[in-house]
Amino acid sequence: MRIGLLGTGPWAQMVHAPVLSTHEDLDFVGVWGRRPAAAKELADRHGTRAYDDVDALLAEVDAVAVALPPDVQADLAVRAAGAGCHLLLDKPVAATAAGARAVASAVQEAGVASVVFFTTRFLPEPEAWIAQQASAGGWFTGNAHWLGAVFTGDSPFATPWRREKGALWDVGPHALSVLLPVLGDVRRVSAAGRGPGDTVHVVLDHAGGASSTLTLSLTAPPSASGSGVEIRGEAGVVRLPESSSDAVTAFGRAADALGAAARDGRPHACDAAFGLRVTEVLAEAEARLDGGAG
């Protein structure tokens, strides 16, 4: 499958480009970025071509991987789907529910495959754990914490969009990507409140009858950073296992999933429609944080 990369930031440099350039089932055609010099530098590093015109790249590939801020990603994803390109997207799919809805609609109308790279969902041990707990059922409650030190430590991910949107939109998708397949869809955001820095606490009511809580932050002390998920129910107390793999391995598996979805036409569990649902929950939580009814 011929694939292009949209974006040249830290994630594109650390994960996307290395995987796309070495994956045995992919032909890494080229890179487009909002900064042409950065696109050329990244393309040269991985032996491919830099494109100044995004439409020229879309015309020469079967798929694109996107490593861009969510508002930029949404517009380009719609454009790429319209050009017949399969989509390997980053989370969140968009910065608004309307933006994510446009992406999901474009994917459906174009009949292209889509996969959203929720990192945890593509790590082998967590992936198996999620499937096992979803099959078990009978869950009563769950809690997830994703605490990062992006703005309190030395991180390449202290980007403008993360500073604007905060932990809810950056790490919230990770928590939701684990809880939704296990506890069921969110019927409503019951409550949401702010903590120190950009920390937020969210309470969710799930369709399966369980409730869950999320604690999310990008401004935790470095010594307090980390993530975890615990669920309790008829099967007892279980915790999301750590993985022996890294984000590079996970992204390679996401690329495999996109290839499979493109070949057999069966939507992946983490497709644009799931990305839309995650975005809708984030938007509802944001409305509650801003004083709305959700």
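Predicted model: local features only at pLDDT ≥ 70, side-chain atom pairs only at ≥ 80, totals over all residues.
## Packing of α8 and α10

Two packed helices are described by the angle between their axes and the distance between the axes. For helix α8, residues 172-183, and helix α10, residues 272-289, the angle is about 115° and the axes are 10 Å apart. The crossing of these two helices, α8 and α10, is right-handed.

On the α8 side the contact is made by Gly172, Pro173, Leu176, Ser177 and Leu180, and on the α10 side by Phe274, Arg277, Val278, Val281 and Leu282. Sorted by class, the residues in this contact of α8 with α10 are 7 nonpolar, 2 polar and 1 charged.

## Val281 within the α10 helix

Val281, which lies in helix α10, has a relative accessibility of 2%, and because buried means under 20%, Val281 counts as buried. Leaving aside the neighbours within four places in sequence, Val281 is in contact with Leu176, Val186, Val189 and Leu204. Leu176 is also among the α8 residues that meet α10.

The C-alpha atoms of Val281 and Pro173 are separated by 9.3 Å, although these two residues are 108 residues apart along the chain. Both Val281 and Pro173 are listed in the contact of α8 with α10.

## The aromatic cluster

The model has 5 aromatic pairs. In one of them, the rings of Phe117 and Phe122 have centres 6.1 Å apart and planes at 40°, so this pair is tilted, neither under 30 degrees as for stacked rings nor over 60 as for edge-to-face ones. Phe117 is buried, with a relative accessible area of 1%, and Phe122 is buried as well, with a relative accessible area of 2%.

Phe117 also pairs with Phe251, here in an edge-to-face arrangement with 5.1 Å from centre to centre and 75° between the planes. This second pair links distant parts of the chain, since Phe117 belongs to strand β6 (residues 114-117) and Phe251 to helix α9 (residues 247-264), 134 residues apart. Phe251 is buried, with a relative accessible area of 0%. Taken together, ring pairs link Trp11, Phe117, Phe122, Phe157 and Phe251 into a cluster.

## Charged side chains over rings

## Two loop residues

Glu24 lies in the loop between α1 (10-22) and β2 (27-32), and because exposed means over 50%, its relative accessibility of 73% makes Glu24 exposed. Glu24 and Pro181 are 157 residues apart in sequence, and their C-alpha atoms are 30 Å apart in space.

Pro92 lies in another loop, the one between β5 (86-90) and α5 (97-110). The peptide bond that joins Lys91 and Pro92 is cis, with omega about -15°.

Notes: Residues numbered from 1 in each chain as written. Heavy atoms only, no water. Axes fitted to C-alpha atoms, helices over the stretch in contact; angles between N-to-C directions. Helix = DSSP H or I, 4+ residues; strand = E, 2+ residues; numbered from the N terminus. Left-handed = near helix turned anticlockwise from the far one by under 90°. Contact = heavy atoms within 4.5 Å. Nonpolar A, V, L, I, M, F, W, Y, C, P; charged D, E, K, R; others polar. Phe/Tyr/Trp six-rings, centres within 6.5 Å; stacked < 30°, edge-to-face > 60°. Buried < 20%, exposed > 50% of the residue type's maximum accessible area, 1.4 Å probe, protein only.
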